[in-house]
There are 2 protein chains.
Amino acid sequence: MTIKDIARLSGYSLGTVSRVLNDHPDVSEQARERVLAVVREHGFQPNSNARHLKMQAQSAVAVLVKGTQNLLFADILERIQSRLQDNGEEVYVAYLDEDADEVQYAVQLARLRRPKGFLFLGGDLEFFRTEFRPLTVPCVLLTNSARGLGYDNLSSFTTDDAAAAGEVIDYLYACGHRRIGVLGGNLSGEQISSQRLRGVYAAMARNGLDFDPARQYEPCRYSMAEGYRAARRLLEREPGLTALFALGDVIALGAMRALADQGLSVPGDISVVGYDGTSSSAYSVPRLTTIRQDTAQLAERGVQTLLRGIHYAQPPIHEAVPFTLLQRESVRVLGPAP
Amino acid sequence: MTIKDIARLSGYSLGTVSRVLNDHPDVSEQARERVLAVVREHGFQPNSNARHLKMQAQSAVAVLVKGTQNLLFADILERIQSRLQDNGEEVYVAYLDEDADEVQYAVQLARLRRPKGFLFLGGDLEFFRTEFRPLTVPCVLLTNSARGLGYDNLSSFTTDDAAAAGEVIDYLYACGHRRIGVLGGNLSGEQISSQRLRGVYAAMARNGLDFDPARQYEPCRYSMAEGYRAARRLLEREPGLTALFALGDVIALGAMRALADQGLSVPGDISVVGYDGTSSSAYSVPRLTTIRQDTAQLAERGVQTLLRGIHYAQPPIHEAVPFTLLQRESVRVLGPAP
DNA sequence: CTGAAAGCGCTTACAG
DNA sequence: CTGAAAGCGCTTACAG
């Protein structure tokens, strides 16, 4: 069943059928009805390969997810997927390693499949800076800001990571914590973790706290397994810590497990704060105090902006979406020092 | 840059270039080298729309994930994705609601995009029974068995759910538990939960235990939030339960949180067993005793079978993949009754 | 408003 | 082994 059959069956020509299918204004009401009737009767779907061959574009939107274990991305992805589906868009999803070069992958994919647009879940600005040029379709980066890069087809939505991380430190400070360890991400590159780390530095400084990364910081990837190991290493090195700030909930969850295995109670012996506000953090024992990133808004604004960019040329948008510090059960208020 | 340019640049004809690109045997070594050199030099990628238009098929493999909150599927999906990628296949992923009609969705997608094959993560046999016919490409169903359906293009790989669920009940019985509640899935349809429930019934019977679903069973969807609520409802109705068997880890995690909120300790006051063996279950406090489904094998065998089915006609395979009862920390051995 | 025709970038019999 | 040609199923100027 092709458009040709529809033409034959409806008594109109190929061209007219195509115009009806594409909602062109210059078709008679009669032709439209007749053609649509036949189309419906046979449940006809135009062949998308042929269509896209002519139109020189894929209908699909590509979503590149960086890091597979990150529950936050799973959450955002789910929302993106459903919003895109509501808009009749097809979605091509690829999971990349946390340290993979997402931009290089996108460039390849663009040549191969010509998606209409890209949505990046996580990304290293360094890659965007040096390799993004060949991408000409609308792109949106989520959870990292591309403002400084100046590409006119790249928008970004993010939590103000520096501010949020700073708020965590301020909060811990206010709760009486002075010896705070930090877990997750890494010092090199410009991944999501770098802004959070920057916020940590600033907040430590303004609270008059020393922060020596070599001692108080332990890098790791975003997974429970890595969080577990990183927490062990950090605690071995710095047993006197009273609080741990993990740069992701999955890391925090792994760390809490490590603490339990050391016979340490959270928050009795040591406090833990996460980052992301994934649903797992609300069901852990104890419930995790964490920064809630607004995944609904991130997804919503991201998809909206991408779709707009696809349909009309639009200047790029760079926006911070509000966050909340969720004070739950994993932080203890320290009494005055004895 | 099209195949035409490559032809011009290499001094060969369109046809020869195409043959080189498609690894046809009847091209001279010289032509192959010459063409490949030009292709590499320009980083040429053939236009997949044009290609598939001729070949009448998409290159993509479609993966339909049923239920977005199910960490088990996230785990399997990740593996599928990477195996498929290794094989140079493109992957189209769609997340469906847990109660959505995945077969209807697939039929639509087949018309629209003509994927080479389908991989179903979860599925209701009822839908397969009544609507699968129009699907003619190779398909694989994971985590539910399609053996009884008799379609020759549908394979399936699953854990022996009935046996595994039975083993959980046997284990709880052996630990001294007599009043066991069950959480998750539903009684209607033929979703994943139905085989597990069947195993529960059989095991209860063989251990001489009464099992009244109206009292001891509480259905719910696969998410922590639902597990939480279901556990509350069940415990309110049947406060005397000494153990809970949740048909999914996410449900179990939600339930453990609910228990904690009731001031009940796990496993001190009540034992909990999950199902799936997701990584979260290994990091919870306490670590969750659960059935480990072999996601690696499920993914591996699924992809392998699908790829084979795509390349050569093959009779369908229906296989059970081995499971393990992971005895961890959430079950207490009850002393002899006082 | 509608039809006939060109063409999107490939693949694959068909000759030679 | 290679080239010329037809054709996959569409869209879209171009006439009328």
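Trainee: By class, what makes up the surface near DNA strand D?

Mentor: You get 12 nonpolar, 10 polar and five charged residues there. Keep in mind that this is a predicted model.

Trainee: What makes a residue count as near DNA strand D, and which ones come closest?

Mentor: The test is a C-beta atom, placed from the backbone, within 6 Å of the strand. Around DNA strand D there are 27 residues, and the closest are Ile3(A), Ser18(A), Asn47(A), Ala50(A) and Gly15(B). That list draws on chain A and chain B. As for elements, helix 2 and helix 4 of chain A each supply at least two residues, and so do helix 2, helix 3 (29–42) and helix 4 of chain B.

Trainee: Why is the relation between chain A and chain B called a two-fold axis?

Mentor: Look at the superposition: a rotation of 180 degrees with 0.0 Å of shift along its axis puts chain B on chain A, at an RMSD of 0.2 Å. That is the relation of a two-fold axis. The two copies also use the same surface, since 100% of the contact residues of chain B recur in chain A.

Trainee: What makes two residues a contact, and how many residues of chain B are in contact with chain A?

Mentor: Their C-beta atoms, placed from the backbone, have to lie within 7 Å. By that test, 28 residues of chain B are in contact with 28 residues of chain A. Among the elements of chain B that supply at least two residues each are helix 5 (71–86), strand 2 (91–96) and helix 6 (102–113). On chain B's side of the contact, 15 residues are nonpolar, nine polar and four charged.

Trainee: Switching to the sheet in chain B, why are strand 7 and strand 12 said to stand at the edges?

Mentor: The six strands form an open sheet in the order 7-6-8-9-10-12, with mixed pairing. Strand 7 (217–218) and strand 12 (324–326) of chain B each have a single partner strand, so one side of each is left without a neighbour in the sheet.

Trainee: How do you know that strand 9 and strand 10 of chain B count as a pair?

Mentor: Pairing takes at least two bridges found by DSSP. Four bridges join strand 9 (residues 271–276) to strand 10 (residues 289–292) in chain B, so these parallel strands qualify. Across that pair, Tyr275(B) stands opposite Ile291(B).

Trainee: In chain A, how many bridges join strand 10 to strand 12?

Mentor: Three, and these two strands run antiparallel. Ile291(A) has Leu325(A) in strand 12 as its bridge partner. Strand 12 (324–326) is an edge strand of chain A, pairing on one side only.

Trainee: Which strands of chain A does helix 11 lie across?

Mentor: Helix 11 (residues 224–237) lies across strand 6 (180–183), strand 7 and strand 8 (243–246), at about 145 degrees to strand 6 of chain A.

Notes:
Residues are numbered from 1 along each chain as its sequence is written. Chains are lettered from A and ligands numbered from 1 in the order in which they are written. This is a predicted model: local features need pLDDT of at least 70, side-chain atom pairs count only at pLDDT 80 or more; totals for chains, interfaces and linings use all residues. Ala, Val, Leu, Ile, Met, Phe, Trp, Tyr, Cys and Pro count as nonpolar, Asp, Glu, Lys and Arg as charged, and the others, Gly among them, as polar. Copies are superposed by least squares on the C-alpha atoms of residues with pLDDT of at least 70 in both. Axes are lines fitted to C-alpha atoms, for helices over the stretch in contact, and angles run from 0 to 180 degrees between N-to-C directions.
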